Amino acid sequence: MILALVVLTALAFDFTNGFHDTANAMATSIATKALRPKTAVALSGVLNLVGAFLSVEVALTVTNAVVKIQDKSGLPKAELLADGGSGLLLIILAGLVGGIVWNLLTWLVGLPSSSSHALFGGLVGATIAGLGWGGVNWNGDGSKLDGVVGKVLLPAVLSPVIAAVVAAVGTWIIFKITSGIAARFTDKGFRWGQIGSASLVSLAHGTNDAQKTMGVITLALIASGHWSDTENIPLWVKVSAALAIALGTYLGGWRIIRTLGKGLTDISPPQGTAAQSGAAAVILASSHLGFALSTTHVATGSVLGSGLGRPGATVRWAVAGRMIAAWMITLPAAGLVGAVMWWVGDMVGGVAGALVVFTLLVIASVAMYLRSRSGRVDSSNVNDDWDAAAETPVAPIPATATN
Amino acid sequence: MHNLGFALDGAWQVLLAGLVLGAGLPIIFALGIRSLAWGAGEASVTGSGVTAPGPRRPIGTVIGYLLFAVVILGVVLGITFIVAGGFGYKLDFSNVFPTLIEK
């Protein structure tokens with residue numbers, strides 16, 4: 001019963017991960033009209049689906065980066081299984097709820113924040129509540145880049161800067177090279193450049209992010225004794241996680257797409273090409289080097305960089321500042337929700353506790369969905385002028401950690 | 001703070017790879033577009049005014065498409081890289097030509 005709730009919640013997280021991150025790949029193509037909004041999200045959804053199936057590598061140890069609930073092979077720690085695994089399941093459940101609530105809240109205010117940081121934040125919070133401070137892997141063991149500091153905090157600071165530099169250099173040189181050429185060559189050429197590079201980002205996203213959910217679900221299955229193979233992931237887990245992230249991507253987080261595509265800076269096709277190629281290269285290079293980073297931070301950094309690199313373009317620093325503020329509170333805010341959820345679940349206890357946590361999640365989600373109905377952003381108005389729109393009810397609510 | 005050292009160590013490698021692939025490929029792409037326009041004998045705006053439309057220059061068109069081919073090759077390598085990683089292979093550049101080897 002608890003297991004079913006955990007699996008359902010994990011898939012729900014995967015879904016929010018998808019629609020939260022559509023913007024990373026497609027915001028620039030939508031803003032420059034290289035692709036129609038619906039076509040863009042459909043393309044991204046399909047590529048996420050394909051990408052998720054390409055990730056054959058087992059990501060069972062995904063939680064090891066931040067918390068100590070598994071050993072090196074991916075098996076749950078024995079002392080956590082004493083009560084049939086329900087203690088561990090509650091930590092996972094509470095952590096996932098923390099991640100989902102934060103994802104929905106940042107979507108509501110239209111801010112691109114990292115889904116993986118939300119997940120990690122939720123898990124850290126739930127682990128502190130359940131196992132105490134010692135249950136968290138704060139700083140690794142000194143042998144490699146690890147822990148909350150090494151896997152979450154440092155990459156979060158460095159990756160947007162790297163992406164911004166790459167995109168700024170690319171944009172600046174591209175504008176130098178193509179200045180003065182007839183628009184019919186640049187428009188058509190860079191349209192394809194954008195579609196190609198954005199597709200690459202979508203594919204990489206599916207490969208990286210769907211894996212995390214697969215890992216979490218498999219961990220829950222092992223904890224409750226329904227799976228024992230640490231080398232493989234059950235096929236139905238893979239299929240359902242891939243479908244959830246693709247469906248979420250197709251639904252599209254229009255509010256975030258709007259912020260990233262129109263809010264940060266006004267993007268032209270050459271900038272879009274430079275931004276997405278930069279993002280794709282940085283994501284691929286860093287996953288190769290084991291430098292864990294968030295697609296969101298990279299995409300945002302590269303859009304910002306393309307605004308800096310284009311002669312005469314303006315960057316709306318107020319929007320950028322709000323994003324950075326949201327990034328900084330992602331970990332503690334999702335952690336707080338995760339911790340509170342664990343306490344609630346633990347207080348009620350057992351299956352009833354898990355049910356209460358799940359119900360709270362549903363209530364919070366429905367509330368935020370209803371709130372989003374006023375001042376809706378969808379495929380029809382995603383490209384409206386940013387400054388004019390600031391007077392309508394879409395005006396962002398301050399990103400505070402309420403829930 | 002051993003983590004800071006590891007992070008900075010990884011960061012400059014990512015920056016380097018990002019600049020070569022993430023800025024390099026779009027730059028080649030832009031050169032391709034420029035070459036294509038030149039090959040078509042298109043008028044262009046320069047510092048000293050507008051140049052008159054010239055004759056068609058097939059060599060420009062050919063170079064343009066060659067440059068696009070380089071970019072596509074780069075993208076194909078990128079996709080191979082993602083796919084290979086998932087199936088337990090990795091791209092190896094040690095003998096210049098990229099080859100797939102088992103991890």
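Tutor: Let's start with a term: buried means under 20% relative accessible area, exposed means over 50%, and partly exposed is in between (1.4 Å probe, protein chains only). This is a predicted model, where local features need pLDDT of at least 70 and side-chain atom pairs count only at pLDDT 80 or more, while totals for chains, interfaces and linings use all residues. Residues are numbered from 1 along each chain as its sequence is written, chains are lettered from A and ligands numbered from 1 in the order in which they are written, and side-chain values use heavy atoms, with hydrogens and water left out.

Student: Okay, is Lys212(A) buried or exposed?

Tutor: Use the cut-off we just had. The relative accessibility of Lys212(A) is 16%, and buried means under 20%. So Lys212(A) counts as buried.

Student: Which residue forms a salt bridge with Lys212(A)?

Tutor: A salt bridge is a side-chain nitrogen of Lys or Arg within 4 Å of a carboxyl oxygen of Asp or Glu. Here the closest N and O atoms are 3.4 Å apart.

Student: What is the count of salt bridges between chain A and chain B?

Tutor: The two chains do touch: 49 residues of chain A are in contact (heavy atoms within 4.5 Å) with 42 residues of chain B. Polar contacts are there too, with 2 residue pairs between the chains, both at pLDDT 80 or more (N or O atoms within 3.5 Å; within protein, one must be able to donate a hydrogen and the other to accept it, and residues adjacent in sequence count only if both atoms are side-chain atoms). For salt bridges between chain A and chain B, though, the count is 0.

Student: Which helix of chain A gives the most to the side that touches chain B?

Tutor: Chain A and chain B bury about 3700 Å² between them, 80% of it on carbon and sulfur atoms (buried area is the accessible area, 1.4 Å probe, that two parts lose on being put together, summed over both). Leu54(A), Ile177(A) and Phe185(A) supply 15% of what chain A buries against chain B, more than any other three residues. Helices H5 (147-178), H6 (183-223) and H9 (269-288) of chain A each supply at least two residues of the touching side. With 13 residues, the one that gives the most is H5(A).

Student: What sort of aromatic pair do Tyr65(B) and Phe68(B) form?

Tutor: Rings of Phe, Tyr and Trp (its six-membered ring) pair if their centres lie within 6.5 Å; planes under 30 degrees apart are stacked, over 60 edge-to-face and the rest tilted. A search of the whole structure finds 5 such pairs over all chains. For Tyr65(B) and Phe68(B), the centres are 5.9 Å apart with 75° between the planes, and that makes the pair edge-to-face.

Student: Is Tyr65(B) buried or exposed?

Tutor: Tyr65(B) and Phe68(B) both lie in helix H2 (residues 58-86) of chain B, 3 residues apart, about one turn. They also belong to one aromatic cluster with Phe190(A) and Phe29(B). Phe68(B) is buried at 14%. Tyr65(B) has 52% relative accessibility, so Tyr65(B) counts as exposed.

Student: Which backbone oxygen lies 2.7 Å from a polar atom of the side chain of Ser199(A)?

Tutor: Ser199(A) is in helix H6 of chain A and is buried, with a relative accessible area of 16%. Not counting residues up to four places away in sequence, Ser199(A) touches Leu43(A) and Leu47(A). The backbone oxygen at 2.7 Å belongs to Ile195(A).

How values were computed: Helices (H or I, at least four residues) and strands (E, at least two) are DSSP runs, numbered from the N terminus.
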